[in-house]
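Please read them alongside the structure.

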Amino acid sequence: MKLKKIKKFLPFLVLGLLDFSLRIIFLGHQSLWMDEAFSVWMASNSISRFMQLIPYDAHPFLFYIFLHLWMKGGTSEAYLRFPSVICGVISCLSIYLLGEEILDKRAGFFTALLWACSMEALIPETEIRMYAYATCFSLISTYCFWKSFKHGGVKNWILYYLFASVSLFTHYYTGFIIMAQWIFLLIQKKWKEAVWIPLILTLIFSPWTPVFFFQFFHAIDTHMPRAPWAWVFIFFGMFLNARRYFLGSSFLFKAASFFSIGIFLWGGISLYKKKKKLEAVFLELLFAVPYLIPFSISHFSPRHIFVFRYVVLCAPYFFLLFVYGVFNIPKSAAYLIFGAVLVLNLSIWFLFQTGPAWQMQNWRKASHIIKNRTRNVGVLFVEQAMSLYPLSYYLSRYFTIVWHGTKNRNFIIEKKSGRIIPVYGVFRNALPEIRSYCQRTNKRQWLILCQPYLVDPNLAIPKWLLTHERVIFFQKLRSISNVNEIYLYLLSPRENREVKPQNH
């Protein structure tokens, strides 16, 4: 009897320890990047001020409230990221239980193993953002939904509504998971349950509805570039992290994408063949609805609601069908494919954490450079507002962001040192101000560009600056993705000379 219990508990122990170890080992190694630093800044405000700020964010309140309370115990990178690690472990074990319940033990175990080692899970589950929390709550709600659907029971339905509500107040994107569950009930002609889900969850969400609509019309980005329709297929390779281990090869990346689509579809077909049509439809809906509907809406609406990092919420259901497809091909090929995916993901993860040029955004290094070169510096200019958050975290001695205006979305800066006076301005408007300040004060200024590839794919602005401006120091801080690189310029009113880029 004891042996049976140990055997039953062993997969949980193995998966839990592996998942926890991979996430905890480098937890404080990476610098905070923009979005993480924004989370810290939001949570550092008082609750009353936070409630004034939240309408201008694109996310609900629950994550920020939790982080506000968690920050009372410390503000180091590792400490603030630790709850995401715990959510990751719970997500991994939930995938195992869900896979065992819907498919079989082997599929559940290997899908959870893939999740534990996947870069697309490792990154959000070691960040100070709400994605790990939302994925965790959403997976538990899905597990409770399936138990309720199959076995009924008031307790199962209460737990479902509880975790569905919590997930909705953590990230709005979980609403598409709930939509998939609701569509599944309609397909199965479970009319009673299909009526109650929107009614109960709408009632629970209704006090927050005015804020949600305000955010939708004022906070959601209408200028973010939209992915072309072809990327619906290309994104499949990103689930397996192919964009990183086939970096620089468009052909191999596309080949990996179509290979993953093929295995994913084969997983669904294999379920149909084994007379598990119900399970196949359920998993396909849980992946397709939150993946395809927001993508389509973003192409027909000025509100861009599809962001690839959000699809971590539907990635578990892709992994379940992918793994099921892998293990329904000849055994030798199945273990070879699965082993290769694990090894490649883990290789990139260790390179990401230890390679100096593979940071997400190295604001720690940027701040260190600025601190060591602040003599006779007048103004710190940033190309975009989001750069202020990581800078204020690492340069808290010198300045603090104390308010985000509700009308013009301006920043008021509290000076903590006369050595740095930060000023925010969009680059096109800031350049004349920089020149004017140079002439008036005869002081040096920092100019910081981040993510230039998003608005300037040919890097015309950085090249122009090096050629035409008085640059006495220039450094490019490289990133795992070129859209996250940081460019630091120290401008002088006196000196004008060519500077060779220094990469880190």
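1. The side chain of Glu127 makes a polar contact with the side chain of Trp33 at 2.9 Å; a polar contact is here a pair of N or O atoms within 3.5 Å, where within protein one must be able to donate a hydrogen and the other to accept it, and residues adjacent in sequence count only if both atoms are side-chain atoms. Glu127 is found in the loop between helix H7 (119–122) and helix H8 (131–151), with helices being DSSP runs of H or I of at least four residues and strands runs of E of at least two, numbered from the N terminus. This is a predicted model, in which local features need pLDDT of at least 70 and side-chain atom pairs count only at pLDDT 80 or more, while totals for chains, interfaces and linings use all residues. Residues are numbered from 1 along each chain as its sequence is written, and side-chain values use heavy atoms, with hydrogens and water left out.

2. Buried means under 20% relative accessible area, exposed over 50%, and partly exposed in between, with a 1.4 Å probe and protein chains only. Leaving aside neighbours within four places in sequence, Glu127 is in contact (heavy atoms within 4.5 Å) with Trp33, Glu36, Arg81, Ser84 and Met360.

3. Two of those partners, Glu36 and Arg81, form a salt bridge with each other, the closest N and O atoms being 2.9 Å apart. Glu36 lies in helix H2 and Arg81 in helix H5 (residues 77–102), so the pair ties together parts that are 45 residues apart in sequence. Both Glu36 and Arg81 are buried.

4. Asp35 forms a salt bridge with Arg309, with 3.2 Å between the closest N and O atoms. Since Asp35 lies in helix H2 (residues 34–44) and Arg309 in the loop between helix H16 (277–300) and helix H17 (315–326), this pair ties together parts that are 274 residues apart in sequence. Asp35 counts as buried at 11% relative accessibility, whereas Arg309, at 38%, counts as partly exposed.

5. A search of the whole structure finds five salt bridges, among them the one in which the side chains of Arg23 and Asp19 meet at 3.3 Å, N to O. Both residues lie in helix H1, four residues apart, about one turn of the helix. Arg23 counts as buried at 0% relative accessibility, and Asp19 likewise has 0% and counts as buried. Asp19, Arg23 and Glu125 are linked in a network of salt bridges.

6. His68, in helix H4 (residues 62–70), counts as buried at 16% relative accessibility. A polar atom of the His68 side chain lies 2.7 Å from the backbone oxygen of Ala43. Beyond the neighbours within four places in sequence, His68 is in contact with Ala43, Asn45, Ser46 and Ile47.

7. For the chain as a whole, there are 23 helices and seven strands, and 55% of the 504 residues count as buried.

Terms used
Salt bridge = Lys/Arg side-chain N within 4 Å of Asp/Glu carboxyl O.
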